[in-house]
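Thanks for coming. I will walk through one protein today, going from a few particular residues out to the whole chain. Please have a look at it before I start.

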Amino acid sequence: MSQELFTSLVGSSSAMQQVKKLILQVAQTDATVLILGESGTGKEVVAQALHNASGRSNRSFVPINCGAIPGELLESELFGHEKGAFTGAITARKGRFEMAEKGSIFLDEIGDMPLPMQVKLLRVLQERIYERVGGNKSFECDVRVIAATHRNLEDNISAGDFREDLYYRLNVFPIEMPSLRERPEDIVELLDYMFNKIQEAGRKVPTLSEKALIALQTYTWPGNVRELGNLSERLSILFPGLPVDYDDLPAKYQVDIDDSAELLIAKTAETNDVKTETVDLIREPTAIDDSAENNSNDASVALNATGLASPNLDEGLDLKSYLVDMEVQLIQKALSQTDGNVSQAAKLLQTNRTTLVEKIRKYDLS
(Lines give C-alpha, C1' and ligand atoms only; values in the text may rest on other atoms or scores of the structure.)
Protein backbone atom coordinates (compact mmCIF):
# COMPACT_ATOMS: atom_id res chain seq x y z
CA MET A 1 0.00 0.00 0.00
CA SER A 2 1.33 3.46 -0.87
CA GLN A 3 1.30 5.01 2.60
CA GLU A 4 2.63 8.33 1.28
CA LEU A 5 -0.80 8.87 -0.26
CA PHE A 6 -2.38 8.80 3.20
CA THR A 7 -0.29 11.25 5.21
CA SER A 8 -3.44 12.96 6.52
CA LEU A 9 -5.54 9.80 6.76
CA VAL A 10 -4.13 8.67 10.10
CA GLY A 11 -4.81 5.30 11.71
CA SER A 12 -3.60 1.70 11.64
CA SER A 13 -6.82 0.06 12.87
CA SER A 14 -8.44 -2.60 10.75
CA ALA A 15 -11.29 -0.19 9.95
CA MET A 16 -8.89 2.43 8.57
CA GLN A 17 -6.88 -0.17 6.69
CA GLN A 18 -10.12 -1.17 4.94
CA VAL A 19 -10.86 2.47 4.01
CA LYS A 20 -7.38 2.88 2.52
CA LYS A 21 -7.77 -0.39 0.60
CA LEU A 22 -11.06 0.79 -0.91
CA ILE A 23 -9.51 4.12 -1.91
CA LEU A 24 -6.71 2.39 -3.80
CA GLN A 25 -9.15 -0.02 -5.45
CA VAL A 26 -11.39 2.71 -6.87
CA ALA A 27 -8.83 5.49 -7.41
CA GLN A 28 -7.73 4.51 -10.91
CA THR A 29 -11.29 4.36 -12.21
CA ASP A 30 -13.67 7.25 -12.90
CA ALA A 31 -16.47 5.72 -10.82
CA THR A 32 -18.54 8.13 -8.73
CA VAL A 33 -17.77 7.67 -5.02
CA LEU A 34 -20.15 8.34 -2.11
CA ILE A 35 -18.41 8.78 1.26
CA LEU A 36 -20.65 8.12 4.26
CA GLY A 37 -20.03 8.78 7.92
CA GLU A 38 -20.76 10.97 10.91
CA SER A 39 -19.72 14.61 11.01
CA GLY A 40 -16.08 15.07 11.88
CA THR A 41 -14.87 11.65 10.76
CA GLY A 42 -12.68 13.03 7.95
CA LYS A 43 -14.74 12.54 4.81
CA GLU A 44 -13.01 15.40 2.96
CA VAL A 45 -9.63 13.89 3.87
CA VAL A 46 -10.76 10.66 2.21
CA ALA A 47 -11.92 12.58 -0.88
CA GLN A 48 -8.55 14.37 -1.13
CA ALA A 49 -6.66 11.07 -0.73
CA LEU A 50 -8.82 9.50 -3.44
CA HIS A 51 -8.02 12.38 -5.80
CA ASN A 52 -4.30 12.18 -4.98
CA ALA A 53 -4.25 8.45 -5.73
CA SER A 54 -6.06 8.86 -9.07
CA GLY A 55 -4.83 9.63 -12.55
CA ARG A 56 -6.34 13.11 -12.12
CA SER A 57 -3.99 14.07 -9.27
CA ASN A 58 -2.17 16.64 -11.43
CA ARG A 59 -5.46 18.50 -12.01
CA SER A 60 -7.68 20.46 -9.63
CA PHE A 61 -9.49 19.09 -6.59
CA VAL A 62 -12.47 21.43 -6.10
CA PRO A 63 -14.57 21.09 -2.91
CA ILE A 64 -17.94 22.69 -2.28
CA ASN A 65 -20.22 22.37 0.75
CA CYS A 66 -23.72 21.96 -0.64
CA GLY A 67 -25.29 22.65 2.75
CA ALA A 68 -23.50 25.94 3.36
CA ILE A 69 -24.70 27.78 0.23
CA PRO A 70 -28.29 29.08 -0.16
CA GLY A 71 -30.30 27.13 -2.71
CA GLU A 72 -30.77 30.13 -5.01
CA LEU A 73 -26.99 30.60 -5.26
CA LEU A 74 -25.94 26.96 -5.44
CA GLU A 75 -26.65 26.59 -9.17
CA SER A 76 -24.38 29.53 -9.97
CA GLU A 77 -21.68 28.14 -7.66
CA LEU A 78 -21.78 24.74 -9.35
CA PHE A 79 -22.26 25.71 -13.00
CA GLY A 80 -21.26 29.39 -13.19
CA HIS A 81 -23.23 32.28 -14.70
CA GLU A 82 -23.15 34.67 -17.62
CA LYS A 83 -22.93 38.44 -17.36
CA GLY A 84 -26.32 39.91 -16.49
CA ALA A 85 -27.83 36.56 -15.52
CA PHE A 86 -29.12 38.12 -12.30
CA THR A 87 -28.72 41.27 -10.23
CA GLY A 88 -25.07 41.65 -9.31
CA ALA A 89 -23.76 39.42 -12.12
CA ILE A 90 -21.58 42.14 -13.64
CA THR A 91 -19.22 39.64 -15.29
CA ALA A 92 -19.35 36.04 -16.44
CA ARG A 93 -18.06 33.55 -13.86
CA LYS A 94 -16.90 29.94 -13.96
CA GLY A 95 -18.63 27.40 -11.73
CA ARG A 96 -17.02 24.65 -9.67
CA PHE A 97 -17.60 22.01 -12.35
CA GLU A 98 -15.74 24.13 -14.88
CA MET A 99 -12.91 24.74 -12.41
CA ALA A 100 -12.64 20.99 -11.81
CA GLU A 101 -12.49 20.03 -15.51
CA LYS A 102 -10.25 16.96 -15.96
CA GLY A 103 -9.92 16.84 -12.16
CA SER A 104 -12.23 16.00 -9.25
CA ILE A 105 -15.14 17.81 -7.62
CA PHE A 106 -16.09 17.07 -4.02
CA LEU A 107 -19.76 17.65 -3.22
CA ASP A 108 -19.80 17.71 0.57
CA GLU A 109 -23.07 17.39 2.49
CA ILE A 110 -24.90 16.30 -0.65
CA GLY A 111 -27.86 15.31 1.55
CA ASP A 112 -28.55 18.99 2.21
CA MET A 113 -28.87 19.91 -1.49
CA PRO A 114 -32.33 21.37 -2.35
CA LEU A 115 -34.57 19.18 -4.51
CA PRO A 116 -34.58 21.55 -7.53
CA MET A 117 -30.77 21.42 -7.62
CA GLN A 118 -30.82 17.65 -7.29
CA VAL A 119 -32.64 17.48 -10.65
CA LYS A 120 -29.99 19.61 -12.34
CA LEU A 121 -27.13 17.65 -10.81
CA LEU A 122 -28.72 14.40 -11.95
CA ARG A 123 -28.70 15.68 -15.54
CA VAL A 124 -24.99 16.47 -15.30
CA LEU A 125 -24.23 12.98 -13.97
CA GLN A 126 -26.33 11.34 -16.68
CA GLU A 127 -25.43 13.42 -19.73
CA ARG A 128 -22.13 15.01 -18.65
CA ILE A 129 -23.21 18.46 -19.91
CA TYR A 130 -24.37 21.66 -18.20
CA GLU A 131 -25.13 25.32 -18.93
CA ARG A 132 -24.15 28.42 -17.00
CA VAL A 133 -26.99 30.35 -15.35
CA GLY A 134 -28.36 32.82 -17.87
CA GLY A 135 -26.61 31.11 -20.80
CA ASN A 136 -27.63 28.70 -23.53
CA LYS A 137 -24.24 27.27 -24.43
CA SER A 138 -23.68 23.69 -23.30
CA PHE A 139 -20.38 22.70 -21.71
CA GLU A 140 -19.12 19.13 -21.76
CA CYS A 141 -18.07 17.82 -18.38
CA ASP A 142 -15.10 15.52 -17.71
CA VAL A 143 -14.98 15.55 -13.91
CA ARG A 144 -14.60 12.84 -11.28
CA VAL A 145 -17.51 13.26 -8.85
CA ILE A 146 -16.98 12.49 -5.16
CA ALA A 147 -19.90 13.14 -2.82
CA ALA A 148 -20.24 12.88 0.94
CA THR A 149 -22.95 13.09 3.57
CA HIS A 150 -23.49 12.44 7.27
CA ARG A 151 -27.17 11.76 6.61
CA ASN A 152 -28.90 8.45 5.92
CA LEU A 153 -29.94 9.14 2.32
CA GLU A 154 -32.33 6.19 2.23
CA ASP A 155 -34.26 7.77 5.11
CA ASN A 156 -34.21 11.08 3.24
CA ILE A 157 -35.64 9.32 0.18
CA SER A 158 -38.47 7.89 2.29
CA ALA A 159 -39.17 11.36 3.67
CA GLY A 160 -39.24 12.84 0.15
CA ASP A 161 -36.15 15.00 0.74
CA PHE A 162 -33.78 13.23 -1.65
CA ARG A 163 -34.28 11.85 -5.15
CA GLU A 164 -33.96 8.10 -5.41
CA ASP A 165 -32.56 8.27 -8.96
CA LEU A 166 -29.83 10.70 -7.86
CA TYR A 167 -28.97 8.43 -4.92
CA TYR A 168 -28.30 5.50 -7.23
CA ARG A 169 -26.24 7.73 -9.54
CA LEU A 170 -24.07 8.75 -6.60
CA ASN A 171 -23.90 5.46 -4.75
CA VAL A 172 -21.77 3.66 -7.34
CA PHE A 173 -18.89 2.98 -4.95
CA PRO A 174 -19.66 3.73 -1.28
CA ILE A 175 -16.93 4.21 1.32
CA GLU A 176 -18.04 4.37 4.94
CA MET A 177 -15.84 6.24 7.41
CA PRO A 178 -15.83 4.68 10.89
CA SER A 179 -16.56 6.90 13.87
CA LEU A 180 -13.70 7.57 16.29
CA ARG A 181 -15.40 5.53 19.03
CA GLU A 182 -15.20 2.53 16.67
CA ARG A 183 -11.40 2.82 16.40
CA PRO A 184 -10.09 3.97 19.81
CA GLU A 185 -6.74 2.30 19.08
CA ASP A 186 -6.08 5.08 16.52
CA ILE A 187 -6.32 7.89 19.08
CA VAL A 188 -2.63 7.72 20.04
CA GLU A 189 -1.57 7.99 16.37
CA LEU A 190 -4.01 10.84 15.78
CA LEU A 191 -2.74 12.77 18.80
CA ASP A 192 0.85 12.30 17.64
CA TYR A 193 -0.09 13.63 14.21
CA MET A 194 -1.96 16.63 15.64
CA PHE A 195 0.77 17.50 18.15
CA ASN A 196 3.43 17.22 15.43
CA LYS A 197 1.47 19.76 13.36
CA ILE A 198 1.36 22.11 16.35
CA GLN A 199 5.10 21.67 16.91
CA GLU A 200 5.77 22.44 13.24
CA ALA A 201 4.06 25.79 13.88
CA GLY A 202 6.71 26.54 16.51
CA ARG A 203 4.62 25.82 19.60
CA LYS A 204 5.14 23.44 22.51
CA VAL A 205 2.83 20.49 23.10
CA PRO A 206 1.85 18.59 26.25
CA THR A 207 2.71 15.02 27.22
CA LEU A 208 -0.28 12.88 28.17
CA SER A 209 -0.09 10.31 30.96
CA GLU A 210 -1.13 6.72 30.48
CA LYS A 211 -4.34 7.21 32.45
CA ALA A 212 -5.24 10.30 30.42
CA LEU A 213 -4.75 8.35 27.18
CA ILE A 214 -6.94 5.49 28.42
CA ALA A 215 -9.66 8.00 29.36
CA LEU A 216 -9.56 9.49 25.86
CA GLN A 217 -9.75 6.01 24.35
CA THR A 218 -12.80 5.26 26.51
CA TYR A 219 -14.66 8.51 25.71
CA THR A 220 -17.38 8.25 23.03
CA TRP A 221 -16.30 11.22 20.83
CA PRO A 222 -19.59 12.55 19.41
CA GLY A 223 -17.55 15.11 17.41
CA ASN A 224 -15.14 12.43 16.17
CA VAL A 225 -11.69 13.42 14.84
CA ARG A 226 -12.69 17.09 14.62
CA GLU A 227 -13.42 17.08 18.36
CA LEU A 228 -10.08 15.37 19.07
CA GLY A 229 -8.34 18.06 17.03
CA ASN A 230 -10.04 20.76 19.10
CA LEU A 231 -8.94 19.04 22.30
CA SER A 232 -5.31 18.73 21.16
CA GLU A 233 -5.30 22.47 20.39
CA ARG A 234 -6.86 23.30 23.74
CA LEU A 235 -4.39 21.16 25.72
CA SER A 236 -1.46 22.68 23.82
CA ILE A 237 -2.61 26.15 24.88
CA LEU A 238 -3.24 25.19 28.51
CA PHE A 239 -0.20 22.92 29.04
CA PRO A 240 2.58 23.89 26.59
CA GLY A 241 5.50 21.50 27.13
CA LEU A 242 3.93 20.18 30.36
CA PRO A 243 2.61 16.78 31.49
CA VAL A 244 -1.16 16.24 31.37
CA ASP A 245 -2.70 13.72 33.75
CA TYR A 246 -6.25 12.39 33.95
CA ASP A 247 -7.29 15.13 36.39
CA ASP A 248 -6.00 17.83 34.01
CA LEU A 249 -8.39 16.81 31.24
CA PRO A 250 -11.59 18.84 30.79
CA ALA A 251 -14.35 17.36 32.97
CA LYS A 252 -16.29 15.75 30.10
CA TYR A 253 -13.25 13.64 29.18
CA GLN A 254 -12.71 12.34 32.74
CA VAL A 255 -14.78 9.25 32.04
CA ASP A 256 -14.89 6.26 34.38
CA ILE A 257 -12.13 3.78 33.59
CA ASP A 258 -12.37 0.13 34.56
CA ASP A 259 -10.16 -2.87 33.87
CA SER A 260 -12.35 -3.99 30.99
CA ALA A 261 -11.75 -0.70 29.14
CA GLU A 262 -7.98 -1.16 29.18
CA LEU A 263 -8.23 -4.81 28.18
CA LEU A 264 -10.59 -3.97 25.32
CA ILE A 265 -8.21 -1.33 23.94
CA ALA A 266 -5.24 -3.70 24.14
CA LYS A 267 -7.21 -6.51 22.51
CA THR A 268 -8.35 -4.24 19.66
CA ALA A 269 -4.79 -3.08 19.03
CA GLU A 270 -3.60 -6.69 18.78
CA THR A 271 -5.95 -7.34 15.84
CA ASN A 272 -3.94 -4.98 13.61
CA ASP A 273 -1.69 -6.33 10.90
CA VAL A 274 1.85 -7.24 12.03
CA LYS A 275 3.38 -4.53 9.88
CA THR A 276 1.22 -1.78 11.30
CA GLU A 277 1.89 -3.00 14.85
CA THR A 278 5.67 -2.97 14.58
CA VAL A 279 6.58 -0.41 11.95
CA ASP A 280 7.27 2.38 14.45
CA LEU A 281 9.71 0.40 16.60
CA ILE A 282 11.20 -2.45 14.59
CA ARG A 283 14.26 -1.45 12.61
CA GLU A 284 16.74 -3.53 10.68
CA PRO A 285 20.10 -3.50 12.55
CA THR A 286 21.76 -1.61 9.69
CA ALA A 287 19.10 1.10 9.90
CA ILE A 288 19.84 1.58 13.59
CA ASP A 289 23.57 1.65 12.87
CA ASP A 290 23.08 4.34 10.21
CA SER A 291 20.93 6.40 12.53
CA ALA A 292 23.49 6.10 15.30
CA GLU A 293 26.29 7.18 13.02
CA ASN A 294 24.34 10.17 11.71
CA ASN A 295 23.36 11.29 15.18
CA SER A 296 26.73 10.42 16.81
CA ASN A 297 24.68 8.74 19.56
CA ASP A 298 26.58 6.04 21.47
CA ALA A 299 23.38 4.91 23.17
CA SER A 300 21.78 4.14 19.82
CA VAL A 301 24.82 2.03 18.89
CA ALA A 302 24.48 0.05 22.09
CA LEU A 303 20.76 -0.36 21.48
CA ASN A 304 21.50 -2.19 18.25
CA ALA A 305 22.54 -5.31 20.17
CA THR A 306 19.08 -6.81 20.67
CA GLY A 307 20.29 -10.12 22.06
CA LEU A 308 18.01 -12.13 19.77
CA ALA A 309 19.63 -15.11 18.13
CA SER A 310 19.59 -15.28 14.35
CA PRO A 311 16.51 -17.33 13.42
CA ASN A 312 16.88 -20.79 11.88
CA LEU A 313 14.55 -20.70 8.89
CA ASP A 314 15.21 -24.38 8.12
CA GLU A 315 12.93 -25.29 11.02
CA GLY A 316 10.29 -22.68 10.13
CA LEU A 317 9.55 -19.43 11.95
CA ASP A 318 6.54 -17.83 13.59
CA LEU A 319 7.18 -14.36 12.15
CA LYS A 320 4.65 -12.53 14.31
CA SER A 321 6.00 -13.98 17.57
CA TYR A 322 9.58 -13.32 16.51
CA LEU A 323 8.84 -9.68 15.68
CA VAL A 324 6.97 -9.20 18.97
CA ASP A 325 9.91 -10.69 20.91
CA MET A 326 12.30 -8.37 19.09
CA GLU A 327 10.09 -5.36 19.80
CA VAL A 328 9.80 -6.22 23.51
CA GLN A 329 13.56 -6.66 23.88
CA LEU A 330 14.27 -3.37 22.11
CA ILE A 331 11.84 -1.52 24.36
CA GLN A 332 13.26 -3.17 27.51
CA LYS A 333 16.82 -2.33 26.46
CA ALA A 334 15.90 1.29 25.71
CA LEU A 335 14.16 1.65 29.09
CA SER A 336 17.15 0.06 30.85
CA GLN A 337 19.63 2.39 29.17
CA THR A 338 17.57 5.45 30.10
CA ASP A 339 16.78 4.34 33.68
CA GLY A 340 13.09 4.08 32.82
CA ASN A 341 12.79 7.53 31.22
CA VAL A 342 10.11 6.97 28.59
CA SER A 343 10.80 10.19 26.68
CA GLN A 344 14.52 9.36 26.33
CA ALA A 345 13.70 5.77 25.40
CA ALA A 346 11.34 7.00 22.68
CA LYS A 347 14.19 9.12 21.24
CA LEU A 348 16.50 6.08 21.15
CA LEU A 349 13.82 4.07 19.35
CA GLN A 350 13.00 6.99 17.05
CA THR A 351 9.29 6.85 17.81
CA ASN A 352 6.74 9.10 19.49
CA ARG A 353 6.45 9.01 23.25
CA THR A 354 2.70 8.32 23.22
CA THR A 355 3.25 5.38 20.87
CA LEU A 356 5.89 3.95 23.22
CA VAL A 357 3.58 4.39 26.23
CA GLU A 358 0.94 2.39 24.37
CA LYS A 359 3.46 -0.38 23.63
CA ILE A 360 4.65 -0.49 27.26
CA ARG A 361 1.08 -0.89 28.46
CA LYS A 362 0.30 -3.48 25.76
CA TYR A 363 3.25 -5.69 26.70
CA ASP A 364 2.90 -5.00 30.46
CA LEU A 365 6.47 -3.72 30.74
CA SER A 366 7.88 -1.69 33.61
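## Rings, charges and cores

I begin with rings. Phe79, Phe97, Tyr130 and Phe139 make up one aromatic cluster. Keep in mind throughout that this is a predicted model.

A search of the whole structure turns up nine aromatic pairs. One of them is Phe79 with Tyr130, a stacked pair with 5.7 Å from centre to centre and 25° between the planes. What does that pair tie together? Phe79 sits in helix H3 and Tyr130 in strand E4, so the pair ties together parts that are 51 residues apart in sequence. Phe79 and Tyr130 are both buried. Tyr130 also pairs with Phe139, again stacked, at 5.6 Å centre to centre with 15° between the planes. For burial, Tyr130 has a relative accessible area of 3%, and Phe139 has 15%. Phe139 counts as buried because the cut-off is under 20%.

Now the charges. Side chains of opposite charge can pair when their charged atoms come close. The count here comes to 17 salt bridges. I will show a few.

Take Glu82 and Arg132, whose side chains meet in a salt bridge at 3.7 Å, N to O. Glu82 is in the loop between helix H3 (71–79) and helix H4 (96–99), and Arg132 is in the loop between strand E4 (129–131) and strand E5 (138–140), so this pair ties together parts that are 50 residues apart in sequence. Arg132 counts as buried, at 13%.

Next, Arg183 and Asp186 form a salt bridge at 2.9 Å, N to O. Both of these residues, Arg183 and Asp186, are buried.

Then there is Lys252 with Glu227, a salt bridge at 3.3 Å, N to O. It links distant parts of the chain: Lys252 lies in the loop between strand E9 (243–244) and helix H11 (259–270), Glu227 lies in helix H10 (residues 224–238), and the two are 25 residues apart. Lys252 is partly exposed, with a relative accessible area of 48%. Glu227, in contrast, is buried at 9%.

Which residues does Glu227 touch, leaving out those up to four places away in sequence? They are Tyr219, Trp221, Pro222, Lys252 and Tyr253.

In soluble globular proteins, nonpolar side chains tend to be buried together. The largest nonpolar core in this model has 44 residues, and those with the most contacts inside it are Leu208, Leu216 and Trp221. Which elements give two or more residues to this core? They are helix H8 (187–200), helix H9 (210–218), H10, helix H15 (319–337), helix H16 (342–348) and helix H17 (353–362).

Setting aside neighbours within four places in sequence, Trp221 is in contact with Leu180, Arg181, Ile187, Leu216, Glu227, Leu228, Leu231 and Tyr253.

Leu313, Leu317 and Leu319 make a nonpolar surface patch of about 300 Å². Leu313 is placed in the loop between helix H14 (298–303) and H15. It counts as exposed, at 60% relative accessibility.

Last, the whole chain. How many helices and strands does the protein have? There are 17 helices and nine strands. The protein has 366 residues, and 46% of them count as buried. It exposes about 18400 Å², with carbon and sulfur atoms supplying 48% of that area. Among contacts with a separation of 6 or more, 72% are between residues 24 or more positions apart. The pair of Lys252 and Glu227, 25 residues apart, is a case you have already seen.

That is the end of my part.

Conventions: Residues numbered from 1 in each chain as written. Predicted model: local features only at pLDDT ≥ 70, side-chain atom pairs only at ≥ 80, totals over all residues. Heavy atoms only, no water. Helix = DSSP H or I, 4+ residues; strand = E, 2+ residues; numbered from the N terminus. Buried < 20%, exposed > 50% of the residue type's maximum accessible area, 1.4 Å probe, protein only. Contact = heavy atoms within 4.5 Å. Areas by Shrake-Rupley, 256 points an atom, 1.4 Å probe, with all protein chains shown as cover. Salt bridge = Lys/Arg side-chain N within 4 Å of Asp/Glu carboxyl O. Core = buried A, V, L, I, M, F, W, Y, C linked by side-chain atoms within 4.5 Å. Patch = residues over 30% accessible without salt bridge, like charges linked within 9 Å, V, L, I, M, F, W, Y side chains within 5 Å. Phe/Tyr/Trp six-rings, centres within 6.5 Å; stacked < 30°, edge-to-face > 60°.
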